[in-house]
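I set aside this page for a look through one model, going from the overall fold to single contacts. My entries follow the order in which I looked things up.

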Amino acid sequence: AEQGLASAQFYFAVFCEHGRGVPQDFGEAARLYRLAADRGFAEAQGNLAVLYMHGKGIPQDLAEAARYFRLTAEQGHARAQLYLGVLLLGGGCGKGAARRYGRGR
């Protein structure tokens, strides 16, 4: 992950987010997702968007969530397209709406 391989950054971020083999750390997960997302890794973009949407490890920022969902959606990820639509139509989804529409990855 430290060598800049987006897939390694993504998978280590997943471990950090869920506390698998390492202490759970949403901030570190967000940092690693961002590194991979900025390299165009769609799954990292989507997961980072979810962290922005819920404010886990980073301040809640629905505009950033929408930006990263859009990047993922443009790569054909249906769940990101759904979340982007929810954000755009509802002016923000908040935690309750995210539960109503399922969990995105």
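The entries below cover the fold, a helix pair, the salt bridges and a surface patch.

**Ground rules.** I am working with a predicted model, in which local features need pLDDT of at least 70 and side-chain atom pairs count only at pLDDT 80 or more, while totals for chains, interfaces and linings use all residues. I number residues from 1 along each chain as its sequence is written, and side-chain values use heavy atoms, with hydrogens and water left out.

**Fold.** I looked up the secondary structure and found six helices and zero strands, where helices (H or I, at least four residues) and strands (E, at least two) are DSSP runs numbered from the N terminus. Of the 105 residues, 39% are buried, meaning under 20% relative accessible area, with exposed set at over 50% and partly exposed in between (1.4 Å probe, protein chains only). The protein exposes about 5,600 Å², of which carbon and sulfur atoms supply 52%; such areas come from the Shrake-Rupley method with a 1.4 Å probe, and for residues only the protein chains shown count as cover.

**Helix pair.** I next followed helix H4 (residues 62–73) and helix H5 (residues 78–90), whose axes come within 8 Å and cross at roughly 145°; axes are lines fitted to C-alpha atoms, for helices over the stretch in contact, and angles run from 0 to 180 degrees between N-to-C directions. On the H4 side, the residues that meet H5 include Leu 62, Phe 69 and Arg 70, and among their counterparts in H5 are Tyr 83, Leu 84 and Leu 87, contact being heavy atoms within 4.5 Å.

**Salt bridges.** My search of the whole structure gave two salt bridges, each a side-chain nitrogen of Lys or Arg within 4 Å of a carboxyl oxygen of Asp or Glu. In the pair Arg 31 and Glu 28, the closest N and O atoms are 2.8 Å apart, and because these residues lie three apart in helix H2 (residues 26–37), about one helical turn separates them. Arg 31 counts as partly exposed at 33% relative accessibility, and Glu 28 is partly exposed at 23%. Glu 64 bridges to Arg 67 with closest N and O atoms 3.1 Å apart, and this pair is also three residues apart, in helix H4.

**Surface patch.** Last, I noted that Tyr 11, Phe 12 and Phe 15 form a nonpolar surface patch with about 300 Å² of accessible area together. Patches are made of residues with over 30% relative accessible area and no salt bridge, joining like charges within 9 Å and nonpolar side chains (Val, Leu, Ile, Met, Phe, Trp, Tyr) within 5 Å. Phe 12 sits in helix H1 (residues 6–18) and is partly exposed at 32% relative accessibility.
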